[in-house]
Structure formats: structure tokens, C-alpha cells
Amino acid sequence: MRHAGVGVGVGLWGPSPRASDRPRDSSKGSSGKGAGAKGASAKAVVAVHRGKSPPPSPPRQILAKSTEMIRQSSLTRLGCIINTAVNGAKRSGNGDTQWYFSQVKGTLDDDVTEADIISCVEFNHDGDLLATGDKGGRVVIFQRDPVSKSVIPRRGEYNVYSTFQSHEPEFDYLKSLEIEEKINKIRWLRRKNQAHFLLSTNDKTIKLWKVSERDKKVEGYNTKEETGQVRDPSCITQLRVPVIKPMELMVEASPRRIFANAHTYHINSISVNSDQETYLSADDLRINLWHLEITDQSFNIVDIKPTNMEELTEVITAAEFHPVECNLFVYSSSKGTIRLCDMRAAALCDRHSKLFEEPEDPTNRSFFSEIISSISDVKLSNSGRYMISRDYLSVKVWDLHMETKPIESYPVHEYLRSKLCSLYENDCIFDKFECCWNGNDSAIMTGSYNNFFRMFDRTTKKDATLEASRDVAKPKTLLKPRKVCTGGKRKKDDISVDCLDFNKKILHTAWHPLENIIAVAATNNLFLFQDKF
């Protein structure tokens, strides 16, 4: 394993897998021990009831136990009903999820400051906190309104919990390079105590932040005044016992670790391992492995930098740890490939365990083929069985057991294929759209232009185009599906592809891990939508 010291120039846990997602153990067929026991039990019941004499009355203990089992079974069914009511989507007659406007954060003015543009969005593991980062280096954390969780039906309403400056602009004097303060990624750690922890990164430096609450203060110090000024020891005539008094709730954010000087190129991804002790950071050519307690050293686990930079053919675009297996991670490239690596195989994972790549369609071959095939984001499912990848025109679902082709492919804005030339000229073709799963891996969300975002239901194979705009920013407004037409006659609510605003784009989205609440970043605004009211 290569050691990347500080001075060296180098770079979700969710619901349990569905039954269909779990690999079946071939050694345990339907006639296994469990099935046999169940069959024997059923036969015994039939034999008893077919007998001539009635079965003897069961003892009181058995009756009590049976009553308790029935009561528990009823409670289980009730729990399932409540869970379905909470997590299930409110559906219309045709089976489509209906989405309603809940909240919008940020001003709806046309005058947008560059520093206020949202650059990342992330829910924590229970969905009670939602963090956003912006181009000004700020992190804003929103907390779920406790009342909105207790009412029926639940509401997805969030209030500002904490705001802090995560990164400042810097200047690299050795390379005469300006380092932006823009927050590239935020990743939450699983909660272990009363405090919350998250990782945030800009192009070069990763920081571990502790966010904690304080609602008590200590008064009656012997050696200092209430203002904090140190007292003269000669003036202390008696000893006082300090007392703890309640105070107004204060949320503090403090940097606990700073991981710097390990990436030559811009950091594009960070991902916390399922062991909650290590994490990876990826730049254009290298991936480093860090321990959360050690800031002065990291280990280089992937290095695709060629000896001669003129031979460079691809760069790393995204990387993520497996949500369950702590030894596995994936990374995508600008060539449209995804590599699965196993850290048990070798210290340096230059040789992948699996390569996921879709054969190119010769009929769609063009000058822009390589650019639009570049993968901008990759996300493993909560179960760990699947992953989604987002390229410029589509989002694909891959089964980790099948490398040859994706099992599902969803066009996001295929109508832009004829506009690639103009999109190349205005640099929009290089936009990096993210994608995300819902809590049970049955739906996918990703962004598009004109403040449109796309939803794909994997079960019904239906999709929807929705819009995050000020027109829907009214309480409980139902989002109406939008349609983009390429020519000919169009309906009243349809929009022509020539009328799309390419300056308004949804690059960053997040889905609540347990409920149908989504967060959509539209320039400097954060829209929150939910499936029912």
C-alpha cells in the first residue's frame, strides 16, 4: 500500500435489502432445515385435526403464550400498516406518486450572488438533518421540525439549525494557484452520541466538523469573573461552588480534524466507509484512504496517473464505498466505465475486481460521444446490490453481479441530443449532474435544465418531469408533470426544447432515507417537496 504523507503531492446505511435483492444460498434449497421444520409442523397440525378424538385442552401457560403471540402478531401488523402509511407514497389512480411543495429556502430574487449558489445537498442517516454547502464555503444545516413529524400525515418541514463557514479562499504560492472556498461534497457520519459529525471538502482540504448543542452554562467560578476576566488571587477570600444554570439553546460547530496536503488535483468525492472509522477521498487521478483520527497520513489506494501525462486518456469522476462491505468501493471515469475494487486483493487497487461498461451503440456515434458518456456521478443502492450511474443524457442501473450491461436505462433529456453542438459551445455539455436513490431503492431522482428534475419508478417503469420554480412555491401546491416537445404541435403546458433555460439547472438532489421527502437545489434556492399532506 502506498503511503501518502502530508508533504507528498497526491488525492448510507439504509433499509435492509428486499428479499428479491438478497443473494440466495444455493446450499439451502426449499427442502432445507427451515422448510422441513415448517412442513413437519404443518403436517402435525393436520394429523391432530384429522384424529377421531378431540385434542386435549392446552395448559394455561400455553394458552397465555398463544394469546401473547396473537397480540404480538397484531402489533406487528399494526406496525406494518403505520410504516406503510408513513413511508408509502400517496398515489393517484394511475399509480404515480404525487408530489407537493413543502418549503423553499433562500430568496426568490432574480439577482443571484455567485457565493450563494448551492453546490451540494445531503440528508443525514435518519433524515432529521439536511446539510447544504455553497460556493461561498458556507455550510447550512436544517433540522426537521419536531411538530411536522408528529402530525398525521407527516410533513417535511425544516428550519435552520446551524450555519458556519467551513472553508475560506486560499492561495497556493508554490503553484501560483487560487484555491476556491466552494464546498464540493458533504458526507454525514453515523451518530454515536449527542453530537453530529460531518465531513466537508473543497478542492484541496477536507474537514471533520462536530455540531453540538449547549443549553446549560457554568456560573460562580473562583478564578475568573462572569465576563471571563481572570481574578486577582489575592482578592479571593472564599471558595465558591460553581453552579450549572440553564441558558438559551446554542448550536456550536467546531472543526475537529483537518485533512490537508494530500491531493495534487481537485477533490471530487469523499465517502465514509461502513466501518465508520475510515473514509476515501478522490481527485482526478488518485484515491486516498484516510482514518478519521489521523490527519497527517493517508494511503494511496488508486493511482491512474501515467508516467507521461501526454498518455492520459481518462480521469476519475466519482468514487464511493460500498454501504455494507467495508472492503469494497467503486469509482467511475470520464470514459464511461465503473470499476469495483476490493482492498483485500492488494494494497494498491490499480487492478479492479470488476469493470462495468456498456458497449457503445454505433448508430449514435458522434464527435460528442466521449464527452456525453463521461459518468458524472455513481451511487450504490442502500441494499448494496445495485448502483446507478449518471452520464450527460441518461441514468443507468447496474447489478453488481453483472458487468456486461446495465439492467435498466432511463433517458433523462434525450431531446437534447440534437442540441449537443450548441451545448458544447456554451460549455453546458460539461455540467455534472448528480443522482440519488430513494430509501428502499425503488425509485431514482436526477436533475435536468430549466429547473426540471426527473423521477423514475423502477417498479412501474413510469417517469415524471417536475419543476422546481417560484410558480409552485405556495403551500401544498401539487406539482404538475411537465413535458418537453421537440417540434410540431404542442399542448398548453408543454414547453419547446428551444425555450429551455440552460442557466437554470438542477445539479444536486437528495432523497430522505426513510420517507418521501426530497430536497432539490435550484441555483441559490433549496426546494423541499413531499408526497402527501
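The structure is a predicted model, in which local features need pLDDT of at least 70 and side-chain atom pairs count only at pLDDT 80 or more, while totals for chains, interfaces and linings use all residues. Residues are numbered from 1 along each chain as its sequence is written, and side-chain values use heavy atoms, with hydrogens and water left out.

**Confidence**
- The average pLDDT (the predictor's confidence in each residue, from 0 to 100) of the protein is 84, and 82% of the residues score at least 70.
- Residues 5-67 have a pLDDT below 50, and this stretch makes 60 contacts (heavy atoms within 4.5 Å) in the model beyond near neighbours in sequence.
- The pLDDT is also below 50 over residues 69-95, a stretch with 25 contacts beyond near neighbours in sequence.

**Fold and surface**
- There are five helices and 33 strands in the protein; these are DSSP runs, with helices (H or I) of at least four residues and strands (E) of at least two, numbered from the N terminus.
- Of the 533 residues, 45% are buried, where buried means under 20% relative accessible area, exposed means over 50% and partly exposed lies in between (1.4 Å probe, protein chains only).

**Nonpolar cores**
- A nonpolar core is a set of buried Ala, Val, Leu, Ile, Met, Phe, Trp, Tyr and Cys residues joined through side-chain atoms within 4.5 Å.
- The largest one has 19 residues, and Tyr392, Leu416, Leu423 and Leu500 have the most contacts inside it.
- Leu416 is in contact with Leu393, Leu423, Tyr449, Val497, Leu500 and Phe502, leaving aside neighbours within four places in sequence.

**Largest pocket**
- A pocket is an open set of points on a 1 Å grid over the protein atoms alone, where a 1.4 Å probe fits, with protein on both sides within 12 Å along at least five of seven lines; lining residues have an atom within 4 Å of a point.
- The lining of the largest pocket has 46 residues, and Lys182, Phe430, Asp431, Lys432 and Leu507 lie nearest the centre.
- β3 (118-123), β17 (316-321) and α4 (369-373) are the elements that give two or more residues to this lining.

**Lys504**
- Lys504 sits in the loop between β30 (495-496) and β31 (508-511).
- Lys504 counts as partly exposed because its relative accessibility is 41%.
- Not counting residues up to four places away in sequence, Lys504 touches Ser448, Tyr449, Asn450 and Asn451.
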